Amino acid sequence: MAVNVYATSGTTENLSRHDMLAWVNDCIQTKFAKIEELCSGAAYCQFMDMLFPGSVQVKKIKFNTKLEHEYITNFKVLQASFKKMNVDKIVPVDRLVKGRFQDNFEFLQWFKKFFDANYDGQDYDAIGMRGGEEVGSGGKPARPNGMAKLSGMPKRSPAPRPAPVASRPAARPAMGAGGGGARAANGGVNMQAKQQIEDLNAQVLEMKLTVEGLEKERDFYFGKLRDVEVMCQENESTGGDLVGKVMDILYQTEDGFAVPDEEDVPPPPEEEGEEEY
């Protein structure tokens, strides 16, 4: 049976999306270029087959599909393997199949934690198990030979035109060509800037998720420490040396640390039944 884990972006390793993709591609020999490509569910199914051989019907996995209803089929295969191995993680299929970065990155962070808790180092032939299929936008199949020959043929040169008459202005074609080159250069710069903006937005979102997870984890442990403090205060007169030592640890400070004012201390977190740490 599987070892269950409970993780947020704050409790798992702070891997970037590039590190996460590299880990996925290295483990199951895929060529994913973006986190969003994991929305098909195929990678998770193969990870489960790697961790728990026989828990997944690999023949049912659609590795290179682009259809949402087949994504759902893949996630049903994943859910069946979760049930078989007693994994109690709820898979947010409706959100994952939409291909949004945030939902897929959060689920991948949890799965990385789950993988680390259950992997025992066994060898796995990922490509062989999926019948040699290349998976990921970086591994698109090559064109058939016929297409390759067509694309490699030299283009037919246009028929020679008669020499321009004296009345035709010679400078106009040159100006047109120059303007086209300038427009092409500007278009290239715009595309580069757009790609840079998308990368920066993704990094900001990634850091936002990490901060939110760290804040949740901080509030959770602060609540625990507060409960310990109250219990020690209530039993300070009868608890003996042990309670005194615990209180000393709670109130111990370090160089450069200032005890915050009471109004600056965040309130204890509300009890949530859905999240566990």
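Hi everyone. A residue is called buried when its relative accessible area is under 20%. Arg 17 has a relative accessible area of 9%, so Arg 17 counts as buried. I'd like to start from that arginine and then walk through a few other places in this structure. Please keep in mind throughout that this is a predicted model.

First, the overall picture. The accessible surface comes to about 19000 Å², and carbon and sulfur atoms hold 54% of that. If you take the contacts with a separation of 6 or more, 70% of them join residues 24 or more positions apart.

Back to Arg 17, then. Its place is in helix H1, which covers residues 17-28. What does Arg 17 touch, once we set aside residues up to four places away in sequence? The list is Ile 35, Phe 101, Phe 105, Asp 199, Ala 202, Gln 203 and Glu 206. Take Ala 202 from that list: Arg 17 and Ala 202 are 185 residues apart along the chain, yet their C-alpha atoms are separated by 8.9 Å.

Now H1 itself. This helix has 12 residues and reaches 17 Å from its first C-alpha to its last, close to the 16 Å expected at 1.5 Å a residue. Its buried residues are Arg 17, Met 20, Leu 21, Trp 23, Val 24, Asn 25, Cys 27 and Ile 28. Please remember Trp 23, as we'll come back to it.

Just after H1 comes Gln 29, with a positive phi of about 55 degrees, although Gln 29 is not a glycine. Gln 29 is found in the loop between H1 and H2. Is Gln 29 buried or partly exposed? With a relative accessible area of 39%, Gln 29 is partly exposed. For those of you who like backbone angles, Asn 86 is another residue other than glycine with a positive phi, this one near 60 degrees. Asn 86 is placed in the loop between H3 and helix H4 (93-96), and at 46% relative accessibility Asn 86 also counts as partly exposed.

Let's move on to the aromatic rings. How many aromatic pairs does a search of the whole structure find? The search finds 16. One of these pairs is Phe 52 with Phe 114: the ring centres are 6.3 Å apart and the planes stand at 55 degrees, so the pair is tilted. Phe 52 lies in the loop between helix H2 (42-51) and helix H3 (68-84), while Phe 114 lies in helix H5 (residues 101-118), so this pair ties together parts that are 62 residues apart in sequence. Both Phe 52 and Phe 114 are buried.

A second pair is made by Trp 110 and Phe 111, and here the arrangement is edge-to-face, at 5.9 Å centre to centre with 70 degrees between the planes. Trp 110 is buried at a relative accessible area of 3%, and Phe 111 is buried at 0%.

These rings belong to one aromatic cluster, formed by Trp 23, Tyr 44, Phe 47, Phe 52, Phe 82, Phe 107, Trp 110, Phe 111, Phe 114, Phe 115 and Tyr 119. And there is our Trp 23 from H1 again. Lys 112 lies over the face of Trp 23, at 5.4 Å from the ring centre.

A word on H5. This helix has 18 residues and reaches 25 Å from its first C-alpha to its last, close to the 26 Å expected at 1.5 Å a residue. Of those 18 residues, 13 are buried, so H5 is largely enclosed by the rest of the structure.

My last stop is Ser 55, found in the loop between H2 and H3. Ser 55 is buried, with a relative accessible area of 9%. Which backbone oxygens lie by a polar atom of the Ser 55 side chain? The oxygen of Phe 52 lies 2.7 Å away, and the oxygen of Met 48 lies 3.3 Å away. Leaving aside neighbours within four places in sequence, Ser 55 is in contact with Met 48, Asp 49, Ser 81, Lys 84 and Met 85.

Note on methods. Residues numbered from 1 in each chain as written. Predicted model: local features only at pLDDT ≥ 70, side-chain atom pairs only at ≥ 80, totals over all residues. Heavy atoms only, no water. Phe/Tyr/Trp six-rings, centres within 6.5 Å; stacked < 30°, edge-to-face > 60°. Helix = DSSP H or I, 4+ residues; strand = E, 2+ residues; numbered from the N terminus. Buried < 20%, exposed > 50% of the residue type's maximum accessible area, 1.4 Å probe, protein only. Lys NZ or Arg CZ within 6 Å of the ring centre and 35° of its normal. Polar contact = N/O pair within 3.5 Å; in protein donor to acceptor, adjacent residues only side chain to side chain. Contact = heavy atoms within 4.5 Å. Areas by Shrake-Rupley, 256 points an atom, 1.4 Å probe, with all protein chains shown as cover. Expected span 1.5 Å × (residues − 1).
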